[in-house]
Amino acid sequence: MCLAIPALVKSVDGLSAEVEFGEVSRQISIWLTPDVKPGDYVLLHTGYSINVIDEDEAKETLKLLEEAASGSDSWTG
Amino acid sequence: MRFIDEYRNSELGERLVDRIHRRSRKPVRLMEFCGGHTVTIFKHGIRQLLPPTIEMLSGPGCPVCVTANGDLDKAIALARLPDVVVATFGDMLKVPGSYSSLQEVRAEGGDVRIVYSALDAIHIAQRNPDKAVVMLGIGFETTAPTIAASVLEASRGGVGNYYVLSMHKLCPPVIKALLDSGEVRLDGLVCPGHVSAVIGSRPYDFLARDYGIACVVSGFEPLDVLQCVDMLVAQIEAGKPAVEIAYRRGVKPEGNERALETMWTVFERCEANWRGIGEVPGSGLRLREEYQRFDAESVFEIEVPPPREAEGCICGDILRGVKTPLDCKLFRRVCNPEHPVGPCMVSSEGTCSAYYLYGDNGSVRAQEPI
């Protein structure tokens, strides 16, 4: 029910946007994230973007996962 | 897919599991609040991968499951009214109410339509000006802002035949109610990821501060959950419960302010009735007076007989985390996804459905590898 999937914003027109996820593209409402731009990834839930994905944080988390898996003790870097 | 596949790396997963085994000393009980996490944990066999020191409980974070029969009965009664279209997310269709289900009403000729989004319901309203379209407002803080936005969009677009039956529920108040009941003792909470994308991590501060419970917001891929469990273990071992975010690509401490503002523009808090838990003050959302013309409950006269519960169904106890589906006499024998008796078997993220599909402790079916 609270499922949300990462979707790539292709174009924006007012408060709607065309997004792509997997092979699918869809018109969504960006009422809840009005500042998104093409190229951003959003969390898509029931036809609305509920938040913008922070790519820097995503990379940082992957780096921390690698480090943690190789023995580092902290998640804070 | 990007932001998904990277968090399913099995080699990293194995090493994280080793690390959790090395670090976990104290016996701990963790609850995953959210049904989406329950699915990840079962699908990837995470319970079996964790050391015996870690006990995982599934919580009440399945909006379909916690909808009380009395509320379901109202939705069913609306679907029986002439010239009313009930629009709903798919998983509500088969949930049995006290006397019927939306699916049964549809078979009897009621106009019940499955929508992917509240926007679809608005489109149905625009194409059918002679009908009243009622969107079932089911869901937690993840979904409530989308329904609120749909009300604002209908208001702005002059759509006069669009209504919402709000059965929305809020997570932090029910977590508090569960703990205050004293039935469940927890050391740590896997906090819901997409609820938190909206509300942020601060609403859980009271859990660490007043209840001494470690809190970590998790994403929904297997590495996300393992990272979250590892962070919870670290907090508990150090004796320093706090609120942290593992799912930092999707969640900020302050949440999504625009979504919160949208939600609070349209809705206000009210008491809500949770299946198995009962009335919880301040845990529901109703439409504010300014938006009452969109409120199906105020606009339509519906009368429902007193609700009743399915005999033998222990969904309520399962939602509180005090029993598991294995304690239920109906589980598998009478109740299954084809013929569900209770909502926890209907919803794909219900605890009973997860136990049914993936088995408990790996004894029934092989899980998908991480």
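# Reading chains A and B

Biologist: In chain B, what share of the contacts with a separation of 6 or more comes from residues 24 or more positions apart?

Modeller: The share is 78% in chain B. Two residues are in contact if their C-beta atoms, placed from the backbone, lie within 7 Å. For chain A, the corresponding figure is 27%. This model is predicted: local features need pLDDT of at least 70, side-chain atom pairs count only at pLDDT 80 or more, and totals for chains, interfaces and linings use all residues. Residues are numbered from 1 along each chain as its sequence is written, while chains are lettered from A and ligands numbered from 1 in the order in which they are written.

Biologist: What radius of gyration does chain B have?

Modeller: Compare it with a rule: 2.2 Å times the number of residues to the power 0.38, with the radius taken over C-alpha atoms. For 370 residues, a compact globule would come near 21 Å, and chain B agrees because it has 21 Å. Chain A has 15 Å, but a compact globule of its 77 residues would be near 11 Å. Its C-alpha atoms fill a box of roughly 45 × 25 × 20 Å along the principal axes.

Biologist: Which residues of H1(B) are buried?

Modeller: Start with the general idea. An α-helix has 3.6 residues a turn, so residues three or four places apart point the same way. Buried means 20 or more other C-beta atoms within 10 Å of a residue's own; exposed means 12 or fewer; partly exposed lies in between, with C-beta atoms placed from the backbone. In H1(B), the buried residues are Leu12(B), Gly13(B), Leu16(B), Val17(B), Arg19(B) and Ile20(B). They lie on the same side of H1(B) because their arc is only 160 degrees, judged by directions from the helix axis to the C-beta atoms. Ser10(B), Glu11(B) and Arg22(B) are exposed on the face turned away.

Biologist: What covers the buried residues of H1(B)?

Modeller: The cover includes H1 of chain A, plus helix H3 (46–49) and helix H12 (222–238) of chain B.

Biologist: How many residues of each chain are in contact with the other?

Modeller: 31 residues of chain A contact 46 of chain B. The largest share of chain A's side, 8 residues, comes from H1(A).

How values were computed
Helix = DSSP H or I, 4+ residues; strand = E, 2+ residues; numbered from the N terminus.
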